[in-house]
Amino acid sequence: DRSPQQICDLAGNVSEWVEDCFHSSYQGAPLDGSAWADPDCNERVVRGGAFSRPADAMRSTRRGAFDQNVRLEMLGFRVVREP
């Protein structure tokens with residue numbers, strides 16, 4: 001029996017890169033929760049807000065896009081380990 005995992009303290013430090021390729025809508029997105037991958041993709045999704053953004057951007061549902069080669073002090077990633 002696995003207990004539910006909790007994720008906390010997600011907002012405020014940096015916007016976080018996710019694996020998904022950026023699309024302007026969710027039409028055609030995978031329905032199983034997997035990443036929306038595209039081998040020719042250069043623009044990746046970032047989620048959440050950062051210390052340098054307004055307070056209304058501090059939501060995990062906030063979504064933006066950057067070229068995957070961009071490096072900014074407000075962009076980071078979260079390392080996740082599955083048990």
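The following questions and answers cover a disulfide and a serine in a predicted model. Local features need pLDDT of at least 70 and side-chain atom pairs pLDDT 80 or more, while totals for chains, interfaces and linings use all residues. Residues are numbered from 1 along each chain as its sequence is written, and side-chain values use heavy atoms, with hydrogens and water left out.

User: How many disulfides are there by this rule, and how far apart are the sulfur atoms of Cys 21 and Cys 41?
Analyst: A disulfide is a pair of cysteine sulfur atoms within 2.5 Å. By this rule the count is 1 disulfide. Cys 21 pairs with Cys 41, and the distance between their sulfur atoms is 2.2 Å.

User: What is the handedness of the disulfide of Cys 21 and Cys 41?
Analyst: Handedness here follows from the torsion about the S-S bond. For Cys 21 and Cys 41 that torsion is about 100°, so the disulfide is right-handed.

User: Is Cys 41 buried or exposed?
Analyst: Buried means under 20% relative accessible area, exposed over 50%, and partly exposed in between (1.4 Å probe, protein chains only). Cys 41 has 5% relative accessibility, so Cys 41 is buried.

User: Which residue has its backbone oxygen 3.1 Å from a polar atom of the side chain of Ser 15?
Analyst: Ser 15 is buried, at a relative accessible area of 4%. Contact means heavy atoms within 4.5 Å; beyond four places in sequence, Ser 15 is in contact with residues including Val 46, Arg 47 and Met 74. The backbone oxygen 3.1 Å from a polar atom of its side chain belongs to Gly 48.

Methods
Polar contact = N/O pair within 3.5 Å; in protein donor to acceptor, adjacent residues only side chain to side chain.
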